[in-house]
Amino acid sequence: MTAYKQPVSVLVVVHTPQLQVLLLERAAHAGYWQSVTGSREAGEALLDTARRELAEETGIRTSPGELQDWQLSKRYEIFAEWRHRYAPGVLHNTEHVFSLQVAAVQAVSLAPGEHLDYCWLPWREAAAKCFSWSNRDALLMLPERASLAKR
């Protein structure tokens, strides 16, 4: 039996106080840059999905209170080339946005086979480099979201 991915995922924006943003380059698509992303597994809470994906893709481990849940989700059409990962007839995914502020730019440990490289960029440059419109839109909201988190 094939285990299909759930059409529910997280996007985790990792940034510094100066709004330097971590981007990862997809292994399957050189030149496709994104924030940390991943699908929910079984009955996993979205916060747990975000923490798991962050650790798997970057080596950054967090406690539950360190991630900011933006209480924001976007529904989008799944790229045709990735639909085979989902049950037949599933065409859309709902992505939930989280963020993590780290003290400074840091080295990360990439997931072998999942990402080729990483970079830290100012938030506007990072937004322009993302292949995903939902990732780009989240990065464009970062200054407002980061200032709200300080309150």
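**Tyr86 and the strands around E6**

Leaving aside neighbours within four places in sequence, Tyr86 is in contact with Tyr4, Lys5, Gln6, Pro7, Ser39, Ile78 and Asn93. The model is a predicted one. Tyr86 sits in the loop between E5 and E6. Its relative accessibility is 9%, so Tyr86 counts as buried. The C-alpha atoms of Tyr86 and Ala3 are separated by 8.4 Å. Along the chain, these two residues are 83 residues apart.

The overall fold comes next. The protein chain holds 3 helices and 7 strands. Their order along the sequence is β-β-β-β-α-β-β-β-α-α. The C-alpha trace spans about 45 × 30 × 25 Å along its principal axes. A compact globule of 151 residues would have a radius of gyration near 15 Å, and the protein chain, with 15 Å, agrees with this. Of the 151 residues, 46% count as buried. Contacts between residues at least 6 apart in sequence were also examined. Of these, 68% join residues at least 24 apart.

The protein chain exposes about 7800 Å². Carbon and sulfur atoms supply 51% of that area. There are 16 positive and 17 negative side chains. The centres of the two sets lie 4 Å apart.

Strand E6 covers residues 92–101. E6 is mostly covered, with 7 of its 10 residues buried. Strand E1, residues 8–15, runs parallel to E6 and is joined to it by 8 bridges. Within this pairing, Val12 has Phe98 of E6 as its bridge partner. Strand E5, residues 68–77, runs antiparallel to E6, and 7 bridges join the two. Here Asp69 stands opposite Phe98 in E6.

Val10 has Gly38 of E4 as its bridge partner. Strand E4 consists of residues 36–39. Val36 and Gly38 point one way from E4, while Thr37 and Ser39 point the other way. All four of these residues are buried. Ser39 is also among the contacts of Tyr86.

Two further residues were followed. His115 is found in strand E7, residues 115–122. Its relative accessible area is 6%, so His115 is buried. Not counting residues up to four places away in sequence, His115 touches Leu24, Glu25, Arg26, Ala27, Gln34, Glu57 and Leu110.

Phe131 lies in the loop between helix H2 (123–129) and helix H3 (133–150). With a relative accessible area of 25%, Phe131 is partly exposed. Phe131 and Arg51 are 80 residues apart in sequence. In space, their C-alpha atoms are 23 Å apart.

Technical notes:
Residues numbered from 1 in each chain as written. Predicted model: local features only at pLDDT ≥ 70, side-chain atom pairs only at ≥ 80, totals over all residues. Heavy atoms only, no water. Helix = DSSP H or I, 4+ residues; strand = E, 2+ residues; numbered from the N terminus. Rg over C-alpha atoms; globule rule 2.2 N^0.38 Å. Buried < 20%, exposed > 50% of the residue type's maximum accessible area, 1.4 Å probe, protein only. Contact = heavy atoms within 4.5 Å. Areas by Shrake-Rupley, 256 points an atom, 1.4 Å probe, with all protein chains shown as cover. Lys, Arg positive; Asp, Glu negative; His and termini not counted. Charge placed at Lys NZ, Arg CZ, Asp CG, Glu CD. Pairing = 2+ DSSP bridges.
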